[in-house]
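This report covers selected side-chain contacts and backbone angles. The sequence and structure are shown first.

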Amino acid sequence: MKLTIIGTGYVGLITGACFAEFGYETVCVDKDINRIIELNQSKCPFYEPGIEELLNKHLNKTKLLSFSNSLSQSAESADIIFITVGTPSKRLEDDADLSFVWDVAREISNNIKKYCLIVTKSTVPVGTTKQVKQLILEKIDENNFDVVSNPEFLREGSAINDFMRPDRVVIGCENQKSENIMRELYRPLNLNETPIISTSIESSEIIKYASNSFLATKISFINQVANLCEQVGANIQDVAKGMGIDKRIGSKFLHAGPGYGGSCFPKDVKAFINTANKHNVDLSILSAVNNFNDQRVSEITNKIIAKSNLSKGDTAAILGLSFKPNTDDIRDSTSIKIGKILNEKGINVKSYDPVAMDNAKKENPFLTLCKNAYEACEDVKTIIIATEWNEFRALDLKKIVNNKNNLCIFDLRNIYKSEEIKELGFDYFGTGK
Ligand code: UGA
């Protein structure tokens, strides 16, 4: 089977490299020529554990993977074309901007020469895949292609494992022929008995948004309960453990923190609310999730400022700049938002992140970047552990406290035990405990 993946962003590159690992001849296409030149040298534009090794293996050894900026050549011979372009939020609106999807659909319709499947893997609002079909029908006979929705459930930082060992694969098809091709494509996953869920195209599109929105709901819920725990002397980690052991609830995504960030949850929750509004359906539960998350950062920052008595001219350290560990992605990163508010109030911000500093500095010149966590914590009034990178879990805090009184530590992700940190002489503040 020959595959073409259009768009070499996060989803496209992981998908392309992993399909090559399955043994398929895969061409990844992007109109950004500089990106293609870099990829042809196995250089990945973002940090993701394991991706460069996989690119290198299939570019240079198996030669199953190639990169091109010509859609026409690869589309002609492809059996399956995946659309993996970005669907950002529209400027000044919460709706998904689908202009890249329409551009690609038009280009595909100008270039396919034999029957192929056209698969939307980008996160697209319900109805989009059928609209892609309508666009292509303007140029191509309906017997010469089928459209499929096949959303991804990859988490940044563990995307390769998520692709190779998914909880499920969802395929939304209109007929048996396209379903059979998709099942054949994912046959390598039969080894681990991965469930392949076959649905209508609309259901498949909804599954993606409903899954991300549900996870976001769990997070906002546990963060609100964390606020209550702080008021009544309970501990959110014990509460989450006691809840999560119930199999109907599950323990995942019940970690309280500064709110969800990243390139997916904030945008997808907003777009899903928008879809519901367009259809006059009440999804107010999700509006509450979204509103609470939007205000979470200022709520947390105000708490930091008040408890540690920070004022203009003071310095705070932020450990972790990416929106979560094992990624250099700073999109909608709560830690950077906290840094921005502190900076606006005249508080200096020193920071360190294992991989996200280059990205962070480009857009946030106010950050003073340090070569490690210890340097970031020197001569500050407050330490904010914002992202739970492994290297922050085992810091030599004795080295940091250095006999200073009233050094505050805000462990936003609850990676330390409060008693242990207090014993060292810090004023310790976790989340929800
Ligand atoms: C998320 C989904 O988990 C993936 O299944 C999905 O494919 C992806 O979006 C996408 O739509 O492309 P990702 O954004 O990489 O993946 O990150 P998550 O691990 O889901 O974390 C999202 C945010 O929630 C982070 O800010 C994280 O810190 C926060 N979070 C997560 C919590 O605050 N508490 C938790 O218990 C879990």
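## Asparagines with positive phi

Asn414 is found in the loop between strand E13 (408–411) and helix H18 (418–423); helices (H or I, at least four residues) and strands (E, at least two) are DSSP runs, numbered from the N terminus. Although Asn414 is not a glycine, its phi is positive, near 55°. Asn414 counts as buried because its relative accessibility is 8%; buried means under 20% relative accessible area, exposed over 50%, and partly exposed in between (1.4 Å probe, protein chains only).

Asn326 also has a positive phi, about 65°, without being a glycine. Its place is the loop between strand E9 (315–319) and helix H13 (334–344). With 35% relative accessibility, Asn326 counts as partly exposed.

## Basis of the model

The model is predicted: local features need pLDDT of at least 70, side-chain atom pairs count only at pLDDT 80 or more, and totals for chains, interfaces and linings use all residues. Residues are numbered from 1 along each chain as its sequence is written, and side-chain values use heavy atoms, with hydrogens and water left out.

## Aromatic pairs

The structure holds 13 aromatic pairs. Rings of Phe, Tyr and Trp (its six-membered ring) pair if their centres lie within 6.5 Å; planes under 30 degrees apart count as stacked, over 60 as edge-to-face and the rest as tilted.

One of the pairs is formed by Phe19 and Tyr186, which is tilted, with 5.7 Å centre to centre and 55° between the planes. This pair links distant parts of the chain, 167 residues apart: Phe19 is in helix H1 (residues 10–22), and Tyr186 is in the loop between helix H8 (176–185) and strand E8 (196–199). Phe19 is buried at 0% relative accessibility, and Tyr186 is buried with a relative accessible area of 3%. Phe253 and Phe265 form a tilted pair, at 6.1 Å centre to centre and 50° between the planes. Phe253 lies in the loop between helix H10 (236–244) and helix H11 (265–278), and Phe265 lies in helix H11, 12 residues apart. Phe253 is partly exposed at 26% relative accessible area, whereas Phe265 is buried at 12%.

## Cluster and charges over rings

Phe19 and Tyr186 belong to one aromatic cluster with Phe22, Tyr24, Phe82 and Phe163.

The charged end of Lys177 sits over the ring of Tyr115, 3.5 Å from the ring centre. A charge sits over a ring if NZ of Lys or CZ of Arg is within 6 Å of the ring centre and within 35 degrees of the ring normal. For Lys399, the charged end sits over the ring of Tyr374, 4.1 Å from its centre.
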